Each structure stands twice: as C-alpha cells, then as structure tokens.
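Subject: Handover of a structure and its findings

Dear colleague,

I am passing the following structure to you. Please look through it alongside the notes that come after it.

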Amino acid sequence: MENAFQVDLRGVVDLLSRHLYSSPRVYVRELLQNAADAITARRTGDPGAKAEVTIEVADGRIQVSDSGVGLTEDEVHILLATIGRSSKRDELGFARHEFLGQFGIGLLSGFLVADEIRVETRSVTGAPTVVWTGRSDGVYQVEPAAAERAEPGTTVTLAVRPDAAEWVTERTVAELAALYGSLLPVEVTVNGRPATVAGPPWLARHGNPAERRAALLGYGRDLFGFTPFDVLDLNVPEAGLTGVAFILPTQANPAVKGAHRVYLKRMLLTEHAEGLLPGWAFFARCVVDAGELRPTASREALYEDDLLEHVREQLGRQLREWLVRLAETDPDGLRAFLRLHHLGVKALALHDDDMLRLVDRWLEYETSSGPMTLAQFRALHPRGRFTASVDEFRQLAGVSGAQGVGLINGGYVYDSEILRALTRIDPGVRLEPLDPAELATHLAPVDPAAELAARPFLNAAARALDPLGCEVVLRDFDPASLSALYLTSRAAAHHAQLLEAKEAGDELWADVLGAMERSLAADRPRLVLNHRNPLVRKVLSLSDLNLAGTAVEALYGMALLHGHHPLRPADSAALNRSFLGLLDWATS
C-alpha cells in the first residue's frame, strides 16, 4: 500500500527561517522576485506591456502589486499550493532561465512575517479574477474575487504578526526594496516613492570616458564607503556577467576574504559573496550582474560549479591584464598600487610569469645598497645573495654591504620563493641564499702583529666560549661601530637543533641523534670580533685574563641579541654572569 508524504507547513516554514534564510528580511526579495518573473512572462508575449511593481505599506500590512501575466484558477492550485513539484511548473513555462525564481518556495517566505497570505490574481488569458488565501497551518482556499481587477496582474497581501512588525515598517520595506531590486528592469515604488534606478551604473551612457570613470568611482564610494584607487570593467560572456571591480585605496588583510556584491538577472543575490575572485585578488571589491550563474536554494550565495570556477579564472585574468596595462601606461600609479597591495601581486607572481616580470621590474626590496627593484639589484650585484629571514638581513646587511657583497631581504611573505623563481624569466639569475658563515671569508684578517699581541686574550676567550659551542676569531671590517658579529652556518644551526632534541629525547633517540651530532660537530658558530671597534681594542688590551673571559661573554651575549638569535639557557646564564661580573669589577 502506497501513502503520500504529509507536509507540515509550519515545520517547513520553521526550516526556512532557521536553516535556509539568514533573516526574515528576504520576504521582500521573494515578493519582488515573483513580481518580476510575472512581468517577464507577460512581456515575452507582449513586449510593450507595463513593467510596474507597486508596494504599499500601512498599518502592519504590506501589499505588493505587479502588472505581470497573472494566473488562472488551475495555475493558482499548481503554483501556489505545491512545494517542490517542478514538473508542473516546467509545463507552464516557468522553468525558462530568464526567470529569477527556481525553487518554488518563494511565496512561503511570506510566512516568516505573517500567518496569512492573500493573493488576488487575474490572468492575461481573460480568465476571471481569483483569490488564493493560505494560512501557516497548511490550509488554503481558492475562490472567485468579489470584483474583477481592472488589469491583468497579481496583488499579494500580508497581514504581519506583531512579533515581526519591525520588518514591515515603511522605512524598512523601502530600504529592502532598494537593496534587492534597485537594478531590476521594472519600475518599483514603495508608497509612491521609486526604489529602482535606471539600471546597472556600469552600463549607463556618459559623454566621455572621464565622466564615466568619475561616475563609477562615486558609485563605489557610495556603495563601499571608500574612494577606490581605481575601477575596471569586468565581463565574462559565458556567464552573462558584467560589472566593475574597485581597487581598495588602503592595505588589505590577505586573511580576510573579499566580500563582493552579486546580482543575478538584476536581483541582488548577496552583498557578501566569497570566492568570486582568486584568493590573491584580495585588493579588489566587485559588483557584478550575472545571468547564468547558479544560486544556492536560499539565493544568498553562489553555487560552486565549473561555471563559477571559469568566472573566477576569467576575472583573475582581467585583473592581471589591468596590472600589466597599468605598468605600461601609468608607472607612478603602479608603484603607488604596489606600495599598498604588493602581497597580492607577489602571490600571483609565484605562478604567473607576466606578474613575475612586473615584480622584478617595479617592486622595491630592502637591500644592502638601499631600496631598489630586483632588476636593479641584479644589475648592481650579479652574484648577490639573499637572506631567508628579516632578522638575518638586519644583522648582516651593514657588514655585507661594507664588504661589497650584495644582500637582499627575502624574509617577508613570498619573497624567498619569488627570488628563487626568477630563473623562470631570466635563466642567468644567480641569486642564492646567504650562508652567514660564508660572510666570514669576506672579512679582512687582522695585521699579524696585532693578532700576535691579542693571542693571550683570544685563548682566554676561546676557553670562555668553548662550553657554549662557539669559536672566537678576530677580523678587521666595517662598520667600525659593530663590536662583534655572531655567524652560524646552516650546518651549525642544524647541529644546535640536534643538541636541543638530544637533551629533550629519551635514551634511544639520544643515541641516534648523537651519531648525527658527531657528523656535524666540526662546524661550529663563530663570534667574530671587530678589531676596528674601539671597545674591542680596549678589551683586547686587558691583562686580567679572567676579566677578559667575562668581557668576551658579554660581547657574545650582545652579538646574539643584536642578531635576534634565540637564547638557550646556557646563553642566558653566560649573559647574566658577564653582566654581574662586569658590574662587580666596576664597583670594586
């Protein structure tokens, strides 16, 4: 025995309000959508028919009238009293893609604010006017109207519940009608005041390009609350998409997804669409109208499918072409843009050669020779080096530059990857990571007589730093203001990490790591003392070797702090010990 499902309308409405729609305010959108579809249906057979939607709000009631196709009594039963039955709707011609509604649940949104919905409708076929009255308890009735409508069309009336009164004030309804329906190709009025404009601003005619640009910038300012850095047109014919992208005038957080305004067939879908642009294009905010993109059932987001992915790729391509065009026509404008939004361009440059060339030519980096572009740096230092961290660059830039070794800061987001990727556009690039130990080979040796005189001090210094795993060398280099430099190779850093892991691990891991440690033990960090520094020369002349050991521990600690190196417990102890020792010596 077969049985039909029983639908609890109150349960369906509760489902819509709690899980499908984000807010009761969507009822205005759904009423506008039904009215616009009815007008579209009428104008298909009668292109000259009126296109008007009149909304009247008073005394807790809202009435929405349209000049659309209207319904016969049979169509009322099929379209207004069924949920989820699309086959009958398709037979009646309400499945064509030019209609806004697709799910057959729009009218139910009226129950979000009212317990009763009254629909009075007269079909263009000449059938009599009928009245459909539906209640939230699942009961409806259809009866002839007391009087015939003067013109074909439909009027929907909601008597609002007291708990939803805030959604049916004149001000609220006018704002929602303007929000959702401002671009609809029909005339919408709320209590006699217009709620629609002439159409999408980006399709409006202007006297010249300058006037159009000024108008669009003003539109962006009114819409988003900022004066855009620039505006560019967007167009994806496969999705029936047109629109504009506004470039943010201030730095944007890459972690915050861009919220874009999306219309479908001139009806607002959402003000907060995500995923419309590629992730790297966080510097743009879009306003678009699309005819072929699919909405989710709630009509508050875009459905993720192949067409949306294609749109995302095409819009990303158009933004990239705008950047290339900006580089060719307005270099100063491009520099200003890069100062604001370099992160997005860098992210794109990792995978796009045109953007990589743009970064190479226009984006300034920190270098040991001052700010300059990558192209300028490579011309000045054909065999330059780069650091993988900002702290390392700050520690070594001055010393590196003084020794004629070009150094570039690759420590910011994407920078190291971009520097390695330059071989894609210039196979002759020789930019390589700097091993700090390599820099020691560029530091000049001290005069033999001075080094011989400093030998007792250096031996005492070596004994003091040997427990810390550090060697001491004396060199003569610029800048003279730098007293000491702590240099550690990649292998030495790895060795230090092994020691920490060995101390923290169990006996088995200690044996394994001990074998690895012995293979790296020969490569130790170096504390390079600068003979040109006045303080170092004074320390070298100390006759008290115990005091010399304390002084070199202090220089060691200063070098670690200056280079932003992590302090191990032994390093902290040495720094404290040297401070107290020097303080005791100074006061005795």
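The notes below describe what was found, arranged by topic.

Please bear in mind that this is a predicted model.

**Sheet and strands**

An open sheet of 8 strands is present, with mixed pairing and the order β5-β4-β3-β6-β2-β1-β7-β8. Its edge strands, β5 (140-144) and β8 (193-194), each pair on one side only. Within the sheet, strand β1 (residues 52-58) and strand β7 (residues 187-190) run parallel and are joined by 4 bridges. E52 stands opposite E187 in β7.

With a relative accessible area of 67%, P194 is exposed. Its C-alpha atom is separated by 9.5 Å from that of A177, a residue 17 positions away along the chain.

**Aromatic residues**

There are 10 aromatic pairs in the structure. One of them is formed by F229 and F337, whose ring centres are 6.1 Å apart and whose planes meet at 50°, so the pair is tilted. This pair links distant parts of the chain, 108 residues apart: F229 belongs to the loop between α6 (209-224) and β9 (230-236), while F337 belongs to helix α8 (residues 331-349). The two partners can be described separately by accessibility: F229 is partly exposed at 24%, whereas F337 is buried at 0%.

W280 and F283 also make a tilted pair, with ring centres 6.2 Å apart and planes at 40°. Both W280 and F283 are buried. These two pairs belong to one aromatic cluster, formed by F229, W280, F282, F283, W322 and F337.

A further aromatic ring has a charged neighbour: R294 lies over the face of Y303, at 4.1 Å from the ring centre.

**Salt bridges**

The structure holds 29 salt bridges.

- R213 and D230 meet through their side chains, with an N to O distance of 2.4 Å. The pair links distant parts of the chain, with R213 in helix α6 and D230 in strand β9, 17 residues apart. R213 is partly exposed, at 38% relative accessibility, and D230 is buried, at 11%.
- D360 and R378 form a salt bridge through their side chains, at 2.4 Å from N to O. D360 lies in helix α9 (residues 353-362) and R378 in helix α10 (residues 374-380), so the pair ties together parts that are 18 residues apart in sequence. D360 is buried at 9% relative accessibility, and R378 is buried at 18%.
- R577 and E553 form a salt bridge in which the closest N and O atoms are 2.8 Å apart. Since R577 lies in helix α20 and E553 in helix α19 (residues 545-562), the pair ties together parts that are 24 residues apart in sequence. R577 counts as partly exposed at 45% relative accessibility, whereas E553 is buried, with a relative accessible area of 8%.

**Surface**

What forms the nonpolar patch with about 320 Å² of accessible area? The patch consists of F579, L580 and L583, and the area given is for these residues together. L580 is found in helix α20 (residues 569-587). At 53% relative accessibility, L580 is exposed.

Yours sincerely

How values were computed. Residues numbered from 1 in each chain as written. Predicted model: local features only at pLDDT ≥ 70, side-chain atom pairs only at ≥ 80, totals over all residues. Heavy atoms only, no water. Phe/Tyr/Trp six-rings, centres within 6.5 Å; stacked < 30°, edge-to-face > 60°. Helix = DSSP H or I, 4+ residues; strand = E, 2+ residues; numbered from the N terminus. Buried < 20%, exposed > 50% of the residue type's maximum accessible area, 1.4 Å probe, protein only. Lys NZ or Arg CZ within 6 Å of the ring centre and 35° of its normal. Pairing = 2+ DSSP bridges. Patch = residues over 30% accessible without salt bridge, like charges linked within 9 Å, V, L, I, M, F, W, Y side chains within 5 Å. Areas by Shrake-Rupley, 256 points an atom, 1.4 Å probe, with all protein chains shown as cover. Salt bridge = Lys/Arg side-chain N within 4 Å of Asp/Glu carboxyl O.
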